[in-house]
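Visitor: I'd like to learn how to read packing in a model. Can you walk me through it?

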Amino acid sequence: MEPSYSGKKRNISIIGLGGIGSILSEKISRFLNYSPTFHGSRIKLIDGDEYEEKNLQRQEFGSFGRKSSVKSVELSKEYPNLNFESIGEYVTPFNIQGFLSGEDVIFLCVDNHKTRKVVSNFSEKLDNVILISGGNDFIDGNVQTYIRKDGKDITPSLTDYHPEIKNPKDKSPDEMSCEELAISSAPQLFFTNLTAATIMCWSFYNTVAED
């Protein structure tokens, strides 16, 4: 039986390579690498954080170091039909234009509302984009999909039903001191991260099936 999705090369960015993003990057790469119609797709990995011993229980990496660089090397070896790019910085209002111009799929896997708003606001100005955002606490969470096509909103934006994103009270990682970053991570459960990543992959599949 032929697959039910329509494939083409994709320009994808994964923002945040922590509990959800480190898992999602592997799963979505596996799917694209072994789907011939997606061969040649580019996946941009964006995160300014380091993978450290404290992350072992809830994140998927093979070695310590800058998350974007480590994951890019690992995925490039495993999935040769795709092109990977590493950006070892946090997304801010000042650099987002340079990072995300030309994207047609954005996976947003960050753990703060300030960055979610920055990416949401930017996406609302694009002509065409699929923005899939996932977040979770210890045992629950949510996934949202925002779609623009030909300059028109097909779905509600991330901020429409979430005042905590529209008017964030937290800080983004680039605004935090080293001390704040060291204590900012709330406890996470690997299985919850895995569930959120899986639902985000399903959202991507269901969206491209209708593309």
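**Aromatic rings and the core**

Guide: Start with W202, which is exposed, with a relative accessible area of 52%. Buried means under 20% relative accessible area, exposed over 50%, and partly exposed in between (1.4 Å probe, protein chains only). This is a predicted model, where local features need pLDDT of at least 70, side-chain atom pairs count only at pLDDT 80 or more, and totals for chains, interfaces and linings use all residues. Residues are numbered from 1 along each chain as its sequence is written, and side-chain values use heavy atoms, leaving out hydrogens and water.

Visitor: How do W202 and Y205 pair up?

Guide: A pair of aromatic rings is described by the distance of the centres and the angle of the planes. Rings of Phe, Tyr and Trp (its six-membered ring) pair if their centres lie within 6.5 Å; planes under 30 degrees apart count as stacked, over 60 as edge-to-face and the rest as tilted. For W202 and Y205 the centres are 5.9 Å apart and the planes at 90°, so this pair is edge-to-face. Y205 is partly exposed at 21%.

Visitor: And what about F31 and F38?

Guide: Their ring centres are 5.8 Å apart with planes at 50°, so call that pair tilted. F38 is buried at 0%, while F31 is partly exposed at 24%. F31, F38, F107, W202, F204 and Y205 form one aromatic cluster.

Visitor: Which residues have the most contacts inside the largest nonpolar core?

Guide: In soluble globular proteins, nonpolar side chains tend to be buried together. Here the largest such core has 26 residues, and I14, L24, I28, L32, I43, F107 and F204 have the most contacts inside it. (A nonpolar core is a set of buried Ala, Val, Leu, Ile, Met, Phe, Trp, Tyr and Cys residues joined through side-chain atoms within 4.5 Å.)
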